[in-house]
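Subject: Structure for your review

Dear colleague,

Please find below the structure that I am handing over to you. My notes on the findings come after it.

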Amino acid sequence: MWKKLLAWILVTVILTGYGIQIVEAFDQKENVRMEEVTEKPDQNSLYAKAAVLMDADSGSILYEKNGHQAMANASTTKILTCIIALENCDLDSEVTVSTLAASQPKVHLGMREGQKFYLKDLLYGLMLESYNDCAVAIAEHIAGTTGDFAKLMNDKAEEIGCEDSYFITPNGLDAKNENGFHHTTAADLSLIMRYCIKTSEMAEQFLTITREGQYQFSDIDGKNSYTCCNHNAFLQMMDGALSGKTGFTGNAGYCYVGALKRDDRTFIVALLACGWPNNKTYKWADTKKLMQYGISRFRKISLDEIELDAGEYAPVQVVDGQGTKIGEEVTTELEVAPVKENVELLIEKDQEVHIEYQLSRKLYAPVTEGDFIGEITYLLGDEVLAKRVVTVKNTVKRIDFCWCVKKTAELFPM
């Protein structure tokens with residue numbers, strides 16, 4: 001009896017020591033069963049203090065809660081560190097560990113000063129295990145110092161289109177300086193993820209790294225071996241999950257940014273301050289709710305496939321224009337330019353795009369090929385989605401004395 005009781009206590013202690021991992025595994029299994037979310041989630045139903053659901057193809061925000069509020073974002077910062085490294089360095093380049101890199105706090109690889117690694121291997125440590133020392137080693141390898149690397153980060157964020165982000169550390173650890181605190185917004189974080197998986201020339205390499213389940217490597221000397229496991233549990237939670245990055249600091253709380261592709265649609269969810277210990281699974285609940293809302297509620301359309309009313313851009317009369325004979329009505333055909341931006345986008349399933357024609361119905365000679373005569377505007381409610389310029393297709397000269405003499409002679413030949 002006492003042996004059984006002792007064994008039960010021992011098992012309980014062991015399980016308690018690994019309690020967080022057990023709870024996460026259970027939640028992940030249960031959460032695979034998705035329910036359709038057709039109504040816009042109430043902001044109070046989300047755990048995150050800031051959240052954004054973005055259409056990754058167009059960059060349009062489909063849902064937001066405090067989406068433009070500046071907040072600490074912890075290790076989600078590392079997606080920016082990773083893409084800068086991919087764009088600026090050879091993956092086979094050798095990285096030498098500095099004193100600063102080796103001194104980074106947990107979570108870390110445990111690298112030592114003077115150790116050498118291939119950049120590629122450190123990127124897996126950065127993105128799968130979120131190692132803070134890997135981030136610093138990568139930053140110093142690329143820019144010399146973490147301060148100079150921060151400049152690269154902020155320049156890249158501006159290039160991407162971020163409106164309120166300021167990065168100080170390559171690993172996302174909380175930091176302040178004379179210019180502010182390390183932060184981004186849910187909207188900006190979504191834009192950075194969009195760049196990483198869609199726009200960057202290294203997008204495929206980024207996806208390859210962040211989708212890897214497990215990765216093994218050694219330092220260059222071959223004296224130490226390491227195994228990295230992907231902690232982005234969302235990859236197994238929903239079909240079509242593409243990529244993502246978790247983050248946590250005491251100031252930022254739990255953060256997450258992830259992407260999912262379903263049929264012809266790609267969604268990005270960014271969450272900031274999504275709970276604190278012991279609420280590690282809140283980010284998964286919010287992510288799935290917003291992703292399922294996007295899947296259930298939005299459909300993809302292509303603006304250049306919407307049929308235009310041919311009568312609205314029919315040939316236009318040109319007053320006093322030269323034709324084939326005196327007295328006839330002269331017209332010119334119109335040229336409609338293609339849609340240049342937001343060709344494909346997501347709209348709610350019960351929404352329709354309205355087309356507004358603003359074109360001149362009468363022109364006065366002379367007119368020249370390429371002359372602007374109006375626009376065709378695509379509207380979703382009051383939002384302008386795109387505009388197409390309409391121009392003159394054929395040049396028409398103005399009637400003059402010489403033309404009149406010529407046409408008269410044609411009517412009454414000698």
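The model is predicted, so local features need pLDDT of at least 70 and side-chain atom pairs count only at pLDDT 80 or more, while totals for chains, interfaces and linings use all residues. Residues are numbered from 1 along each chain as its sequence is written, and side-chain values use heavy atoms, with hydrogens and water left out.

The sheet

An open sheet is formed by 5 strands in the order S2-S1-S11-S10-S9, with antiparallel pairing. Strands are DSSP runs of E with at least two residues, helices are runs of H or I with at least four, and both are numbered from the N terminus; two strands pair if DSSP finds at least two bridges between them. Strands S2 (61-65) and S9 (241-249) stand at the edges with a single partner strand each, so one side of each has no neighbour in the sheet. From one strand to the next, the twist averages 5°. Strand S1 (residues 50-55) is joined to S2 by 4 bridges, and Met-54 stands opposite Ile-61 in S2.

Helix H8 (residues 186-199) lies across S1, S2, S9, S10 (253-262) and S11 (265-272), and runs at about 140° to S11. For this angle, axes are lines fitted to C-alpha atoms, for helices over the stretch in contact (heavy atoms within 4.5 Å), and angles run from 0 to 180 degrees between N-to-C directions.

Salt bridges

The whole structure contains 15 salt bridges, each defined as a side-chain nitrogen of Lys or Arg within 4 Å of a carboxyl oxygen of Asp or Glu. Three of them are described here.

- Lys-156 pairs with Glu-87, with the closest N and O atoms 2.9 Å apart. This pair links helix H7 (residues 146-160) to helix H3 (residues 78-88), across 69 residues. Lys-156 is buried at 11% relative accessible area (buried is under 20%, exposed over 50%, partly exposed in between, with a 1.4 Å probe and protein chains only).
- Arg-297 pairs with Glu-348 at 2.8 Å between the closest N and O atoms. Arg-297 lies in helix H10 (residues 282-297) and Glu-348 in strand S16 (residues 344-348), 51 residues apart. Glu-348 is partly exposed at 21%.
- Lys-300 pairs with Glu-344 at 3.8 Å between the closest N and O atoms. Because Lys-300 lies in strand S12 (residues 298-302) and Glu-344 in S16, the pair ties together parts 44 residues apart in sequence. Salt bridges that share partners join Asp-57, Lys-198, Lys-300 and Glu-344 into one network.

Yours sincerely
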